[in-house]
Amino acid sequence: MPEEKKNKFCSNCGAEIDIKAKICPKCGVEQPLIPEKVSNWWYILAIFLGIVGGIIAWAVNKDRNPKKAIHFLIVGLIIPAIYIIGILASIVLVSLGGARGKARDAMRQADMRQVATAQEIYYYDGEKKYVTNVAKTDGTPAIGTYLDALIDPQGATKGYNWLANTTCDQKFCAYATLENKGTCATTRYFAASEKGTKELCTAPTDGCACF
Ligand SMILES: [Zn+2]
């Protein structure tokens with residue numbers, strides 16, 4: 001069995017002194033610190049507790065191994081920084097997504113205005129009645145030769161809605177569900193009828209009485 005090292009030599013006077021002595025008992029000069037072995041488990045503490053864990057790991061080990069203790073502190077500071085950067089990045093992505101949603105809502109409103117305008121042209125160019133159709137939940141029907149059938153910018157499953165007006169050729173009702181709920185409690189809609197266009201907070205249910 002190798003004999004455990006118990007003594008060292010003073011860096012100043014060369015006297016043999018205790019290995020743990022911080023100051024030489026002979027000449028009183030401070031001894032350079034010999035770093036002790038420190039467990040890597042302290043990194044785990046810094047990773048899990050962030051700044052607090054890093055400070056604890058540093059405070060406990062700073063006299064035993066100053067270099068490694070600083071590393072614990074750095075890890076404890078970096079982990080929360082990574083979290084903060086992640087949170088900021090997701091906030092930016094969410095706000096970009098919101099901007100795209102608003103752009104699509106503008107398209108939806110423009111589409112509904114087109115439906116209203118095409119119906120008016122159809123009405124006055126023809127027999128003084130609007131295009132009638134059974135209910136549709138996947139888009140709006142074509143308005144004569146003036147406007148093609150329209151679907152939501154996110155696809156037919158998102159649904160532009162057309163309410164049945166087969167019994168009332170003097171009325172019609174089409175609406176889009178908007179992504180941005182605005183001041184509405186749950187959902188905002190943009191509807192087109194013989195009266196023009198309107199924002200609504202509840203979906204219309206009657207093609208002969210849109211709003
Ligand atoms: Zn000495």
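**Briefing: domains, helix packing, cores and exposed sites**

Lysine 129 counts as partly exposed because 14 other C-beta atoms lie within 10 Å; the class falls between buried (20 or more other C-beta atoms within 10 Å) and exposed (12 or fewer), with C-beta atoms placed from the backbone. The model is predicted: local features need pLDDT of at least 70, side-chain atom pairs count only at pLDDT 80 or more, and totals for chains, interfaces and linings use all residues. Residue numbers start from 1 along each chain as its sequence is written.

**Lysine 129 and its loop**
- Lysine 129 sits in the loop between H2 and E3. Helices (H or I, at least four residues) and strands (E, at least two) are DSSP runs numbered from the N terminus.
- Lysine 129 touches Tyr123, Asp169 and Gln170, leaving out residues up to four places away in sequence. Contact here means C-beta atoms, placed from the backbone, within 7 Å.
- From lysine 129 to leucine 178, 49 residues apart along the chain, the C-alpha separation is 29 Å.
- Lysine 128 is also found in the loop between H2 and E3. Lysine 128 counts as exposed because it has 10 C-beta neighbours inside 10 Å.
- Lysine 128 has a positive phi of about 55°, although it is not a glycine. Most residues other than glycine have a negative phi.
- Threonine 145 has its place in the loop between H2 and E3. Its 10 C-beta neighbours inside 10 Å are why threonine 145 counts as exposed.
- The C-alpha atoms of threonine 145 and isoleucine 91 are separated by 45 Å, at 54 residues apart along the chain.

**Domains**
- The chain is assigned domain 1 (1-34) and domain 2 (37-211). The bounds come from an automatic or database domain assignment.
- The domain 1 and domain 2 centres, taken over C-alpha atoms, are 70 Å apart.

**Helix H1 against helix H2**
- Two packed helices are described by the angle between their axes and the distance between the axes.
- H1 (residues 41-61) and H2 (residues 66-125) have axes that come within 7 Å and cross at roughly 150°. Axes are lines fitted to C-alpha atoms, for helices over the stretch in contact, and angles run from 0 to 180 degrees between N-to-C directions.
- H1 contributes residues including Trp42, Tyr43, Ile47 and Trp58 to the contact, and H2 contributes residues including Lys68, Phe72, Leu77 and Pro80.
- The contact residues divide into 16 nonpolar, five polar and one charged. Nonpolar covers Ala, Val, Leu, Ile, Met, Phe, Trp, Tyr, Cys and Pro; charged covers Asp, Glu, Lys and Arg; the others, Gly among them, are polar.

**Isoleucine 85**
- Isoleucine 85 lies in helix H2. Isoleucine 85 counts as exposed because it has 10 C-beta neighbours inside 10 Å.
- A C-alpha separation of 51 Å divides isoleucine 85 from phenylalanine 172, 87 residues apart along the chain.

**Nonpolar cores**
- The largest nonpolar core has 22 residues. Such a core is a set of buried Ala, Val, Leu, Ile, Met, Phe, Trp, Tyr and Cys residues joined through C-beta atoms within 7 Å.
- Met112, Cys173, Ala174, Tyr175, Ala176, Phe190 and Ala191 have the most contacts inside this core.
- At least two core residues come from each of H2, E3 (160-163), E4 (173-178) and E5 (188-193). E4 gives the most, with five residues.
- Another core, of eight residues, lies apart from this one, with Ala46, Ala57, Ala69 and Leu73 among them.
- Cysteine 173 touches Leu163, Asn165, Ala191, Ser193, Pro204, Gly207 and Cys210, not counting residues up to four places away in sequence.

Methods:
Two residues are in contact if their C-beta atoms, placed from the backbone, lie within 7 Å.
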